[in-house]
Amino acid sequence: MGKTLYRKVWDEHSVGILPDGRTQLFIDTMYLHEVTSPQAFAMLRELGLPVLHPERLFAVPDHIIPTDDQSEPYADPRAATMLNELRRNCRENNIRLFDLPSGQQGIVHMVGPELGITQPGMTIVCGDSHTATHGAVGSIAMGIGTTQVRDVLATQTVAMSPLKVRSIRVEGTLRPGVTAKDVALHIIGKLGANGGLGYAYEFGGSAIRDMEMDGRLTICNLAIEGAARCGYINPDEKTFAYLKGRPYAPKGAAWEAAVERWKSLASDPDAEYDDVVVIPAEEIEPTVTWGISPDMNIGINGTVPAPQDARDAETAKAYATALEYMKLQPGQAIKGLPVDVVFIGSCTNGRISDFRSVAALIKGRHVAPGIKALAVPGSQMTARQCEEEGIADTFRAAGFEWRLPGCSMCLAMNPDRLVGDQICASTSNRNFKGRQGSPTGRTLLMSPPMAAAAALTGCVADAREVFGIQ
């Protein structure tokens, strides 16, 4: 019987079985940032333990970094403390830090793949839920809690039980104007926000194979929003082309050997899965969230559902809460809903292809009056590309505020925040209550082209109609 990539990687990294039945799993790489690591280092000091494998750790500040002015000292003393603590911990433990002056700083889940640190067949962890992003290159990548960060610092292992594996195949050809973000939201809407509990998601099918790497990174980034612990895509020629030549990728003969090994990691044709879901690509349309969970979404031509439309009593209660918070009515069209703020960025959609696609659409156009529109590249490397290609100038000319790299409005642990009950058309990954900095702020998740359409029209709009996408 064949094996899935998940099982192959798991078996290769299993150190042993603990008395409680869990597996002690070796971790190839751990990423660190300023929010979840300080407590882990403090616990390590209390135990008098050293960092076991500093060469396998990489750190970058992202969540608290301002995007308008990054000169120090920061106005927020908490942000300054977190940044300086990260620097101290990396300095004392000889951990590579991609700090602001490095030219390689950015959101952790963008920096890892861009530098080629993230590679197929790796086990990767980070104290951040969207670590699943790295699965796009064929790794098993998971978010972990602070105590587990401590464990990896001390032992380079985590203790956990194997997950079930669900194959999600998107078969066929996506319609014009439909992006990876729409695919991911559609999957979450179909399977539910808790549908992936206990699972690893293997994304495949012709529509996934046709995607470039940036789209695949978006798909895996959102696996956690469907409650999957990780999401991955089998490595292929696109994966290898993406990694080749990156700073931390193998070179020369080592590259050829690595590619041969990576090819062998893909799930076998006769691999068995715990569940299989097949989604026709043609049924997916530009998708927008209407509620307070990523699974509360509808196609752009849909209407807001009523609680009685929910699949069970618990979901009906969640719908009622969402309608009240979002100030929407059942049966209301999502198209035409006015917005106040537009945010293009985050580890979901802050990559070069996202900005290229939007720049091509907004060139010669302008943001609607009264709309605050932010464009925030996810890394310094992406920001440089945007400047070199004239993309940043296109956004500025269109009336966007072109910002410096960081997490920005996704989590709003920095000055980029909603005010009051503003509605934000956002390319980020979560639309929870208060997620974007205001306890009453409202978030509508959508793709970059859809966010661009909202910026130009001042309301939720079909990007295909606004930009003539056919």
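**An arginine over a ring, and its sheet**

Reply: Start with arginine 166: its charged end sits over the ring of tyrosine 199, 4.0 Å from the ring centre (that label needs NZ of Lys or CZ of Arg within 6 Å of the ring centre and within 35 degrees of the ring normal). Bear in mind that this is a predicted model, where local features need pLDDT of at least 70, side-chain atom pairs count only at pLDDT 80 or more, and totals for chains, interfaces and linings use all residues. Residues are numbered from 1 along each chain as its sequence is written, and side-chain values use heavy atoms, with hydrogens and water left out.

Arginine 166 also stands opposite aspartate 275 in S12. Strand S9 (residues 164-171) pairs with S12 over 6 bridges, in the parallel sense. Strands here are DSSP runs of E, at least two residues, and helices runs of H or I, at least four, numbered from the N terminus; two strands pair if DSSP finds at least two bridges between them.

Now zoom out a bit: 4 strands make an open, parallel sheet ordered S11-S10-S9-S12. S11 (230-232) and S12 (275-280) are the edge strands with a single partner each, so one side of each has no neighbour in the sheet. On average, neighbouring strands are turned by 20° against each other, direction ignored.

Contact means heavy atoms within 4.5 Å; axes are lines fitted to C-alpha atoms, for helices over the stretch in contact, with angles from 0 to 180 degrees between N-to-C directions.
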